[in-house]
Amino acid sequence: MNYTEFIGQVQHELEFARAGQAVRATRAVLTTLGERLQGGEATDLASPLPMEIDRYLIAADHGQRFDYQEFLDRVAEREGVDRSDANYHAQQLVAIVASVVPPGNIEKVRNGLPEDFDPLFELIDESALE
């Protein structure tokens with residue numbers, strides 16, 4: 001999947017009128033996720049993604065410790081939305097990423113996060129977690 005296809009899928013799934021909204025949501029979610037993951041985890045997750053998108057994960061300040069509520073607050077602030085929208089956007093983005101990366105990559109990320117992050121993975125097809 002290339003950059004245009006990825007952003008198009010985000011735009012479609014989140015029902016955004018403009019691609020710019022999809023880019024902003026993608027950047028907010030993946031940068032924040034990258035901050036929470038360890039460097040190697042972020043790189044492994046990012047490697048199959050289009051280069052214009054993988055940089056959000058790779059360039060983040062890795063290894064920060066924060067809970068899911070703080071994750072949502074950071075996404076909401078970056079994207080300029082409320083926490084409820086941030087949660088939904090994050091869930092959709094992670095599900096789209098899971099459809100692109102090899103099976104098991106998302107499971108490694110999920111296993112590396114505390115249980116309070118489980119809602120982030122609610123929309124993922126179970127086959128991506130094997």
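Predicted model: local features only at pLDDT ≥ 70, side-chain atom pairs only at ≥ 80, totals over all residues.
**View 1. Arg74 and Glu35 join two helices.** The side chains of Arg74 and Glu35 form a salt bridge. The N to O distance is 2.9 Å. The pair links distant parts of the chain, with the partners 39 residues apart. Arg74 belongs to helix H5, residues 68-79. Glu35 belongs to helix H2, residues 19-36. Is Glu35 buried or exposed? Glu35 counts as buried, because its relative accessibility is 9% and the cut-off for buried is under 20%.

**View 2. Arg74 also pairs with Glu70.** Here the closest N and O atoms are 2.9 Å apart. Both residues sit in helix H5. Arg74 and Glu70 are four residues apart, so about one helical turn separates them. Glu70 counts as partly exposed, at 30% relative accessibility.

**View 3. Arg110 forms a salt bridge with Asp118.** The closest N and O atoms of this pair are 3.8 Å apart. That distance counts because the limit is within 4 Å. Arg110 is partly exposed, with 23% relative accessibility. Asp118 is partly exposed too, with a relative accessible area of 31%.

**View 4. Shared partners build a network.** Which residues do the salt bridges join into one network? They are Glu35, Glu70, Arg74 and Arg78. Arg74 pairs with Glu35 and with Glu70. The count for the model comes to five salt bridges. Why can such pairs form? Side chains of opposite charge can pair when their charged atoms come close.

Note on methods
Residues numbered from 1 in each chain as written. Heavy atoms only, no water. Buried < 20%, exposed > 50% of the residue type's maximum accessible area, 1.4 Å probe, protein only.
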